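Student: I have a new model open and would like to learn how to read it. Could you take me through it feature by feature?

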Amino acid sequence: MKKAGRRKGKVVIPGFGITMGITVSMLSILILIPLASVMAYSFKMSPFEFVKLITKPGVVNAFATSIGCAFVAAVINAVFGVMIAWVLVRYDFFGKRFIDGIIELPFALPTAVAGITLTKMYSDNGFLGKALERIGIKAAYTKIGIIIAMVFIGIPFVVRAIQPVLEKLPKSCEEAGLMLGASRAVIFRKIIFPEIMPPLLTGFGLALARGIGEYGSVIYISGNSEKNKTQVVSYIIMQKLNSGNVDYEGAAAIALILLIISFIMLFAINIVQHVASKRTSA
Amino acid sequence: MYVEMKGICKKFGNYEAAKNISFDIEKGKLVALLGPSGSGKTTILRILAGLETQDEGDVIIEGKVINDIPASKRGIGFVFQNYALFRYMTVYDNIAFGLKVQKMSKEKVHERVMEMISLIGLCGLEKRYPDQLSGGQRQRVAFARAIAPNPQLLLLDEPFAAIDAKVRKELRSWLKEMIRKVGITSIFVTHDQEEAVEVADDIIIINEGNLEQMGTPSEIYKHPETPFVANFIGTSIVLSDLSGFKGFEEIEKGKKVIVRPEFVEAFKSDNKKFHDLIPAAEEGVIEKIEFRGSYLEVTLKVGDVRLVTNRSLERRSISVGEKMYVLLHRIYVFDEGTAQRYKNSLLKDVDIELM
């Protein structure tokens with residue numbers, strides 16, 4: 001009788017114990033413990049030291065540069081990402097599959113490769129850099145260069161977030177709008193846009209988060225000049241660890257701020273998704 | 001005529017969805033476009049709506065050719081098969097969509113939407129989102145959304161297909177009543193003959209892109225003009241050889257003959273009522289009896305031919321293998337696309353309608 005009682009609580013699908021165990025240990029080893037250690041190290045500083053460090057003009061400027069550039073890049077990505085997804089889903093053309101395939105290139109490509117390629121192209125003697133120079137825009141070693149690199153690494157987030165939603169959107173919804181007398185513009189604004197809004201915000205958030213913390217692809221094109229305010233946050237962290245006396249606490253303090261920003265963004269993305277799913281599920 | 005289709009042709013690659021379709025619909029009628037799936041009926045509806053462009057032919061509403069008027073300017077209401085409600089809009093906003101597009105004032109929109117919501121009986125649910133509604137409620141919203149801008153014509157594409165059987169029957173009579181109440185000319189597409197017969201004033205039967213027949217349900221039932229219609233409407237058996245059947249000696253062998261269960265009478269040899277008809281009847285054996293709820297479907301073997309008749313549950317019980325007299329009192333014979341009704345020649349003096 002006792003045995004039967006124990007069996008009652010058993011889940012039918014086997015393997016819960018082992019898979020859950022592995023999941024929790026992996027999460028702990030790879031994510032939770034390192035993140036906690038970042039916090040622990042930065043708390044070694046006194047609050048006064050902490051505030052003093054992160055309010056240094058260099059650090060504040062780096063945050064402004066990283067967040068500002070990442071925001072502009074994410075906005076650009078949101079606009080062009082919607083267009084790319086739209087073209088890839090709605091039209092058939094030669095080379096569609098190829099283009100669809102290279103969307104993920106920025107994910108697969110080592111960021112350093114992207115960084116030096118972009119730098120070469122946009123520098124004074126690169127062919128895009130020359131063209132821009134002629135109309136008075138200097139791309140490499142300025143914030144524009146940083147934004148270009150961030151657009152490059154962020155675009156797949158937006159495209160891949162929107163694509164499946166656009167694919168699933170039934171044609172009859174647009175036709176319903178048409179039958180009710182709406183123009184193409186109204187149909188896009190009132191019917192299609194609300195559908196792609198949640199994934200667009202998700203993609204925007206991910207691209208923004210990625211941009212703020214970006215190192216590899218940005219580091220070459222930015223020039224890292226404190227005077228021109230082209231130092232990004234990741235570069236400041238690297239600097240703290242590279243200089244003669246390694247300032248691990250200082251690096252951890254800045255990292256903690258980055259970490260907090262990431263968490264806020266993830267939280268915001270989740271709220272967006274939660275609100276959207278509330279409307280579309282019973 | 002209110003709505004006219006003249007010589008409509010439409011091809012999708014090699015597939016001919018409409019072959020020279022012409023029909024007229026009177027104002028205020030509720031018409032069914034009936035046909036098996038893939039017959040082209042939805043294409044015809046979509047051409048009428050302007051969602052598809054015909055290769056040839058004219059679409060005319062109130063005497064005006066509207067071929068070149070885009071769907072958004074035709075003033076036609078359309079209820080989609082999956083309802084196509086806007087997921088991110090509430091019931092209220094869905095219904096208001098077509099009114100806001102017309103730049104109607106806010107008060108007027110509100111007035112009309114509330115009128116629609118009370119018409120469809122969904123008062124209090126106007127703030128819900130479509131995904132929070134049942135299938136039947138969604139259909140009501142789709143209906144209200146389509147008729148809110150006061151269209152001159154309402155088109156419905158398989159309006160009951162996505163609803164489970166129990167609610168479907170209820171919704172059918174609801175929709176019929178609503179359309180009557182609003183008084184709007186309506187055309188709906190269906191593959192279900194029962195649905196078409198129950199709901200429509202007129203039925204247009206489409207098969208393989210051809211218009212087979214148009215008429216009231218009883219006309220189509222009583223006077224099918226093509227073998228397809230005779231076969232599609234009601235339950236029918238197709239025979240090619242009736243030789244040997246008493247009373248039908250004049251029918252040439254090889255012609256297509258269609259027999260319906262109600263054309264067949266089976267009775268026991270000691271049945272007094274039918275005693276006089278025995279000379280006109282054949283002998284048969286019961287092969288199969290199926291219970292159909294309110295009647296029995298009886299399959300009888302007469303010579304090499306199998307015939308089906310429906311038997312009232314009030315009559316005497318029968319069993320498989322039992323010998324019975326089988327009287328065939330009427331048939332349809334098809335010859336080169338025309339249909340003719342034949343009566344059993346031995347029954348000339350008997351009034352069949354009274355049986």
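Student: Let's start with one residue. Is Asn14(B) buried or exposed?

Tutor: Count the neighbours: a residue is buried if 20 or more other C-beta atoms (placed from the backbone) lie within 10 Å of its own, exposed if 12 or fewer, and partly exposed in between. Asn14(B) has 5 other C-beta atoms within 10 Å, so Asn14(B) is exposed. Asn14(B) sits in the loop between strand 1 (3–12) and strand 2 (15–25) of chain B. Helices here are DSSP runs of H or I with at least four residues, strands are runs of E with at least two, and both are numbered from the N terminus. As for Lys41(B), 27 residues along the chain from Asn14(B), the two C-alpha atoms are 17 Å apart.

Student: What should I know about the model itself?

Tutor: This is a predicted model, in which local features need pLDDT of at least 70 and side-chain atom pairs count only at pLDDT 80 or more, while totals for chains, interfaces and linings use all residues. Residues are numbered from 1 along each chain as its sequence is written, and chains are lettered from A and ligands numbered from 1 in the order in which they are written.

Student: How many helices and strands are in chain B?

Tutor: Chain B has eight helices and 19 strands. The C-alpha trace of chain B spans about 80 × 45 × 35 Å along its principal axes, and of its 355 residues, 39% are buried. For contacts, the rule is that two C-beta atoms, placed from the backbone, lie within 7 Å. Among chain B contacts between residues at least 6 apart in sequence, 64% join residues at least 24 apart.

Student: Which residues of helix 1 of chain B are buried?

Tutor: Helix 1 (residues 41–49) of chain B is mostly covered, with nine of its nine residues buried. They are Lys41(B), Thr42(B), Thr43(B), Ile44(B), Leu45(B), Arg46(B), Ile47(B), Leu48(B) and Ala49(B). After helix 1 of chain B comes Gly50(B), with a positive phi near 95°.

Student: Where else should I look at phi?

Tutor: Here's the general idea: most residues other than glycine have a negative phi. Tyr83(B) is not a glycine, yet its phi is positive, near 75°. Tyr83(B) lies in the loop between strand 6 and helix 2 of chain B, and counts as buried because it has 24 C-beta neighbours inside 10 Å. In chain A, Asn224(A) also is not a glycine and has a positive phi of about 50°. The loop holding Asn224(A) runs between helix 12 (218–222) and helix 13 (233–242) of chain A. With 18 other C-beta atoms within 10 Å, Asn224(A) is partly exposed.

Student: How do I check the length of a helix?

Tutor: The expected span is 1.5 Å times one less than the number of residues. Helix 4 (residues 135–147) of chain B has 13 residues, so it should span 18 Å, and its end C-alpha atoms are 19 Å apart, which agrees.

Student: And what does helix 4 of chain B pack against?

Tutor: Ten of the 13 residues of helix 4 of chain B are buried, including Val141(B), Phe143(B) and Ile147(B). The buried residues pack against strand 6 (76–79), helix 2 (91–101), helix 3 (106–119), strand 7 (153–157) and helix 5 (165–182) of chain B.

Student: How do I describe two helices that cross?

Tutor: Angles under 35 degrees count as roughly parallel, over 145 as roughly antiparallel, 65 to 115 as roughly perpendicular and the rest as oblique. Helix 2 and helix 3 of chain B pack at about 130°, with axes 9 Å apart, which makes helix 2 of chain B oblique to helix 3 of chain B. In chain A, helix 3 (residues 47–54) and helix 14 (residues 248–280) pack at about 75° with their axes 10 Å apart, so helix 3 and helix 14 of chain A are roughly perpendicular. Here Phe50(A), Leu53(A) and Ile54(A) of helix 3 meet Gly250(A), Ala253(A), Ile254(A) and Ile257(A) of helix 14.

Student: How many residues of chain B are in contact with chain A?

Tutor: 21 residues of chain B are in contact with 19 residues of chain A. On the chain B side, strand 6 and helix 2 each supply at least two residues.

Key:
Axes fitted to C-alpha atoms, helices over the stretch in contact; angles between N-to-C directions.
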